[in-house]
Amino acid sequence: MRAFILSLLISSPALAQSAWTDAAARETLAAVQAAGAEGLIPADYAPEKLEAALASGDAAAIAAAAEASWMALAKDYAAGRTPESARVGWKSPPPRSDADWLKAKLAAGLESGAPGAALTALLPSHPWYGKLKEGLPAATDPAARARLRANLDRWRWMPRQMGDRYLMANIPSFEVDLWDGGKPVARHKIIVGKTSTPTPQFSAVATAVIINPDWTLPQSIVKESVGSLIRRSPGAARARGYRWTSGPDGQLNVTQLPGANNSLGTLKIEMPNPYAIYFHDTPAKQLFAKPVRAFSHGCMRTQGILGLALRLLEDQPDWTATRIDETAAHNETVRVPLTTQIPVHVAYFTVLPDRNGVLATHPDIYGRDAPVIAALGG
């Protein structure tokens, strides 16, 4: 039956209008008028055209206006209002929102007589989205309200299925949370990329814990500092664990051996991705005391990473803290695959609930709010 209604919507406007009862159109109008509660602007979804069509009583006009309003709002509920050009640094593809998929959702909503509920079902169900939404009515300061609207839209860019158990790193709060059973169960401070080497936003999957990782240096770091050390004082570079080869064009390819001097510390959480970003330990633990922790070249240095690694290895109880420490003492690289791989989401929210559920504002270290606020308008 759903496929039949969908085929009518796509192929036969005259028959499609029969699916739009007066009640369904008015429910859609009410949903559009309520879009402000999600941080959107109802006027962007042509409520006046739908009101005029309903006032006219013309079935064809009602169907056309209702479908246009429903589809426009559905697209923004499903994947966000902000155009991708303004989602600076956000590398994850947006959630699905193509026209055929949305029309199928609309067809199901019309069949059940609940097109408004079909719209609501497209929104994020994450509890932190709900907390931001709750805070919107009390945001009387224009700047605070604009920031909330921007962060609500960012949630609409996020995957709808984040995983039963997952890691979510938030760059502006310099923290990563382990979520399990719909709530955060562990939180760790992180150090993120500098403004010149920002940490991108993307989703990946953690696949292993690496004990005593070696480090293949990005060319940006070689050119910035390590290359000059190698040329100026190769003995000092070797003492720090660097090993290198030189290509035909003179480019240095540098690796740092495992050990006390290694910039990745003793642990790394492997999460294959095109950006060579991962969580890792660090010898520079004093930096975790800083309130603003943007010091890295993009990767996320993680405080208490041993505790996080043990949580990821909970279903492998033979990997205890003692065994990991003993393994690390040998300076040999050991890869421990995760029996259960875990999704990882690296995000950028400048407003999120704190541990007590109170909304907290975080520094917009990369200047990412302004383009989103401008794109949302209002």
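## A cavity inside the model

Strands β4 and β12 (residues 334-347) each contribute at least two residues to the lining of the largest cavity. The structure you are looking at is a predicted model, so please read everything below as a description of that prediction.

How much space lies in the largest cavity? About 40 Å³. The count of cavities of 30 Å³ or more comes to 2.

## Helix α3 and its buried side

Now let us turn to a helix. α3 is built from 12 residues, and from its first C-alpha to its last it reaches 17 Å, which is close to the 16 Å expected at 1.5 Å a residue. Which residues of α3 are buried? They are Ala24, Ala25, Thr28, Leu29, Ala31 and Val32. These residues cover an arc of only 160° around the axis, so they sit on the same side of α3.

An α-helix has 3.6 residues a turn, so residues three or four places apart point the same way. As for what covers the buried residues of α3, the list includes α4, α5, α6 and α7 (residues 115-120).

## Charged pairs

Side chains of opposite charge can pair when their charged atoms come close. How many salt bridges does a search of the whole structure find? The search finds 15.

One of them joins Lys133 and Glu38, whose closest N and O atoms are 2.6 Å apart. This pair links distant parts of the chain: Lys133 belongs to helix α8 (residues 127-135), while Glu38 is in the loop between α3 (22-33) and α4 (47-56), and the two are 95 residues apart.

Another salt bridge connects Asp44 with Arg81, and here the closest N and O atoms are 3.3 Å apart. This pair, too, links distant parts of the chain: Asp44 is in the loop between α3 and α4, Arg81 is in the loop between α5 and α6 (99-112), and 37 residues separate them. Asp44 has a relative accessibility of 34% and counts as partly exposed, and Arg81 is also partly exposed, at 31%.

Elsewhere, Asp318 forms a salt bridge with Arg323, with 3.1 Å between the closest N and O atoms. Asp318 is partly exposed at 47%, and Arg323 counts as partly exposed at 32%. Salt bridges that share partners also join Asp44, Asp76 and Arg81 into one network.

Where does Asp76 lie? Its place is in helix α5 (residues 59-79). Asp76 is buried, with a relative accessible area of 6%. Setting aside neighbours within four places in sequence, Asp76 is in contact with Leu40, Tyr45, Arg81 and Arg156.

## Two residues with positive phi

Most residues other than glycine have a negative phi, and most peptide bonds are trans. With that in mind, look at Phe174. Its phi is near 55°, a positive value in a residue other than glycine. Phe174 is in the loop between β1 (165-170) and β2 (175-180), and at 2% relative accessibility it counts as buried.

Asn212 has a positive phi as well, of about 55°, although it is not a glycine. You will find Asn212 in the loop between β4 (202-211) and β5 (215-216). Asn212 counts as buried, at 2% relative accessibility.

## Asn170 and its contacts

Our last stop is Asn170, which lies in strand β1. Asn170 is buried, with a relative accessible area of 3%. Which residues does Asn170 touch, not counting residues up to four places away in sequence? They are Glu175, Ile190, Ala347, Tyr348, Phe349, Leu352 and His362.

Along the chain, Asn170 and Leu352 are 182 residues apart, yet their C-alpha atoms are separated by 9.2 Å.

Technical notes:
Residues are numbered from 1 along each chain as its sequence is written. This is a predicted model: local features need pLDDT of at least 70, side-chain atom pairs count only at pLDDT 80 or more; totals for chains, interfaces and linings use all residues. Side-chain values use heavy atoms; hydrogens and water are left out. Helices (H or I, at least four residues) and strands (E, at least two) are DSSP runs, numbered from the N terminus. Buried means under 20% relative accessible area, exposed over 50%, partly exposed in between (1.4 Å probe, protein chains only). Contact means heavy atoms within 4.5 Å. A salt bridge is a side-chain nitrogen of Lys or Arg within 4 Å of a carboxyl oxygen of Asp or Glu. The expected span of a helix is 1.5 Å times one less than its number of residues. The arc is that of the directions from the helix axis to the C-beta atoms. On a 1 Å grid over the protein atoms alone, a cavity is a set of points where a 1.4 Å probe fits but cannot get out, and a pocket is an open set with protein on both sides within 12 Å along at least five of seven lines; lining residues have an atom within 4 Å of a point. Grid points are joined across faces, edges and corners, and a volume is the space filled by probe spheres set on the points.
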